[in-house]
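Hello,

I am handing over the structure below. Please have it open while you read my notes.

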Amino acid sequence: MPKQKTTTEMEDILAELKYSFVTITREYSWEMGHALMNHKGKCYNIHGHNYRMEVEIRGDINPNTGMVMDFSQVDDIIESVIIKYDHKLFMNKKDPRMKLVQEAYPFEGEPTAENLAWVLFYKTDLAIDDEYANDTPRLERVTLYETDKASATVLRS
Ligand SMILES: [Zn+2]
């Protein structure tokens, strides 16, 4: 005869949760121009992409709200970061064309998906830290899509 179960399903789930964690993910998109001064192909040209970014935040579920973080609050924080990139043109600050395109914003290094994802991770992390001094919620991952098929991901190490 099978042993009688003494815990409820919810208690089982909560016990299991001690060994895992919860993340929430939100997606954003904007238009941006860039040019890669060291690229041998067409990315050398000044051109634009419809960038898409996934932001993944890790945290404890607040027992009162049932949430890691309210999505509208996530939006407030992330949109304050994205507004500095939306409809802007970023070029390597060493690119000699910077002198000709005065509207271009100087970027430290090549504004590739990888480097942009790094900067966006860093700035998003700071913005979340400004709101939450403690360790939760915290930024876990940023994935930046330059096209539907090409993306770069930065993970917290
Ligand atoms: Zn490009």
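What follows is a summary of the fold, from the overall layout down to the sheet and its helices.

This is a predicted model: local features need pLDDT of at least 70, side-chain atom pairs count only at pLDDT 80 or more, and totals for chains, interfaces and linings use all residues. Residues are numbered from 1 along each chain as its sequence is written.

The protein has three helices and six strands. These are DSSP runs, numbered from the N terminus (helices: H or I, at least four residues; strands: E, at least two). Their pattern along the sequence is α-β-β-α-β-β-α-β-β. The radius of gyration (over C-alpha atoms) is 21 Å, well over the 15 Å from the globule rule for 157 residues, so the protein is more spread out than a compact globule. That rule is 2.2 Å times the number of residues to the power 0.38. The C-alpha atoms fill a box of roughly 80 × 35 × 25 Å along the principal axes.

Now the sheet. Six strands form an open, mixed sheet in the order β4-β3-β1-β2-β5-β6. Two strands pair if DSSP finds at least two bridges between them. The edge strands are β4 (105–107) and β6 (151–155). β3 (residues 89–92) pairs with β4 in the parallel sense over three bridges. Asn 92 has Phe 107 in β4 as its bridge partner.

Then the helices. Helix α2 (residues 71–82) lies across β1 (22–35) and β2 (47–59), at about 25° to β1. Helix α3 (residues 113–131) packs on the sheet and touches β2, β5 (138–145) and β6. Its direction makes about 150° with that of β5. Contact means C-beta atoms, placed from the backbone, within 7 Å. Axes are lines fitted to C-alpha atoms, for helices over the stretch in contact, and angles run from 0 to 180 degrees between N-to-C directions.

Best regards

How values were computed
Two residues are in contact if their C-beta atoms, placed from the backbone, lie within 7 Å.
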